[in-house]
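Hello,

Here is the structure you asked about. My notes follow below it.

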Amino acid sequence: MQGKAQLSDSNRRIMEVDAPPRRVYQAWKGSNLFFLGGRLIFGPDVRSLVLTVCLIVTPVIFFAAAVCPQLGHEFHSQIGGWVASVAVIFTVYILVVLLLTSGRDPGIIPRNAHPPEPEDIGESSNLPDWPGGQHGSAGLPLTRDVLVNGISVKVKYCHTCMLYRPPRCSHCSICNNCVERFDHHCPWVGQCIGKRNYRFFFLFVSSTTLLCIYVFAFCWVNLKRIMDMHECKIGRALLKSPISGLLIMYTFIAVWFVGGLTSFHLYLVSTNQTTYENFRYRYNRKTNPYNLGVVQNFIDILFSRVPSSKNNFRAKVKEDSAAFTSSLSMGRVLSPAKMSVDLEMGMKRQAVATEDLEDLHSQIGSAMGLERCGTEPPHFVGRKGCSEISSDIEAFAEEFGMERGYSERNKIERRTNDGS
């Protein structure tokens, strides 16, 4: 039964080795959430995206279902259908832009497996920025100086990602990633806004502003038409079309939010700033190294080619393969974790090819079988020969981490021989 249990345990380990390797998104160290097998990446607060969609879709449904038919009835034409169609198409476009903003890589910089080598740090590094003159991982300085358009810019070392952040890069504490040209983390879209999705974010807020103005305007047109037809004041018109009044209030409040956001980002684009830089550095008080002029800034940010992602979330994770060696006496398999612990403790082991190891095990097994059965070759005479075999076996066992099993077996056999 014990042999069967050991065999099943060995088979289980072999199955784990033969299991399909994990994908990058499955071993991701950030706080992101992935959907559709790593094809969509969101921030940890992706649930807020549901609220954002409802805030956009719900008023449009009421507008198309209640206000637009009333517009057509008042004007005695197909204008209501056209107004509703434009609102629905515009809403679909906004939802697509929203998905492109929140469901794609914003510009995440892959983490390093190890810190950069200290010899790669040049004289431009800023050593005194460490408190007390101390250094970070592997003696690396906290900051380095990088030239951007002839102006010196400091870049910081990220202890989490173990890299020097490129210019305009920052580490998002919510997503736990370094994001290139980091603007801010937007809770309404549940994603960081960076180099690869900033233009879609700008299109999202500006398009939402236009949709609010569109609904606001036609609700007023509907109320004005009711007032003209029934020769009444605004109060009675609101009683005849309360949905129009509610949508006017809703869109008026929303325009102040998304409209103000659109105006602010128009200013940022025209000056080639990010939200993070505007609040932290205040480039209006000193030279902005990224400002290329208003026209060139708009072209660079909104009309240039979107860079490809530096991460392949569906790629297979490259894991170091470890050699599994079996112990004849204990019937167990040495796991990679045990091997790594032994290496960390400083124990030196000689690497042996798999074929040579199998031959070595067979030779040891043959010698053990001869000793156990009491049948010795002619050139081994007496117990002295057996002790020589045992000493050789113990040496081999000690080299490959099997000394415990062999020593226990030798003790049992010695007790049996002494008893006999």
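Is Leu-36 buried or exposed? Leu-36 is exposed, with a relative accessible area of 59%. Here buried means under 20% relative accessible area, exposed over 50%, and partly exposed in between, with a 1.4 Å probe and protein chains only.

Some ground rules. This is a predicted model: local features need pLDDT of at least 70, side-chain atom pairs count only at pLDDT 80 or more, and totals for chains, interfaces and linings use all residues. Residues are numbered from 1 along each chain as its sequence is written, and side-chain values use heavy atoms, with hydrogens and water left out.

Positive phi

Most residues other than glycine have a negative phi. Leu-36 is not a glycine, yet its phi is positive, about 55 degrees. Leu-36 sits in the loop between strand 1 (33-35) and strand 2 (40-42). Helices (H or I, at least four residues) and strands (E, at least two) are DSSP runs, numbered from the N terminus.

Asn-272 also has a positive phi, near 55 degrees. Its place is the loop between helix 6 and helix 7 (275-280). Asn-272 is buried, with a relative accessible area of 1%.

Helix 6

Helix 6 has 30 residues and reaches 43 Å from its first C-alpha to its last. That is close to the 44 Å expected at 1.5 Å a residue; the expected span is 1.5 Å times one less than the number of residues. Helix 6 bends by about 30 degrees at Val-255. The bend is the angle between axes fitted to the seven residues ending there and the seven starting there.

Annotated segments

The unreviewed UniProt entry annotates "transmembrane region" at residues 49-67, 79-101, 200-223 and 243-269. UniProt positions are in the numbering used here, feature names are shortened, and annotations may be inferred rather than shown by experiment. In the model, residues 49-67 are 100% helix and 0% strand, with end C-alpha atoms 27 Å apart. Residues 243-269 are also 100% helix and 0% strand, and there the end C-alpha atoms are 37 Å apart.

Nonpolar cores

The largest nonpolar core has 38 residues. Such a core is a set of buried Ala, Val, Leu, Ile, Met, Phe, Trp, Tyr and Cys residues joined through side-chain atoms within 4.5 Å. Phe-63, Phe-204, Val-215 and Cys-219 have the most contacts inside this core. Two or more residues each come from helix 2 (48-75), helix 3 (79-102), helix 4 (198-230), helix 6 (242-271) and helix 8 (294-303). Helix 4 gives the most, with twelve residues.

Leaving out residues up to four places away in sequence, Phe-63 touches Cys-68, Val-83, Ala-87, Tyr-214, Val-215, Phe-218, Cys-219 and Leu-247. Contact means heavy atoms within 4.5 Å. Another core, of six residues, lies apart from the largest one. Among its residues are Ile-109, Cys-158, Cys-161 and Leu-163.

Cysteines

How many disulfides are there? The count is zero, taking a disulfide as a pair of cysteine sulfur atoms within 2.5 Å. For Cys-68, the nearest cysteine sulfur is that of Cys-219, 8.1 Å away. Cys-68 is buried, at 1% relative accessibility. For Cys-169, the nearest is that of Cys-178, at 4.5 Å. Cys-169 is buried too, with a relative accessible area of 10%.

Val-46

Val-46 lies in the loop between strand 2 and helix 2. Val-46 is buried, with a relative accessible area of 14%. Beyond four places in sequence, Val-46 touches Leu-33 and Gly-190.

Best wishes
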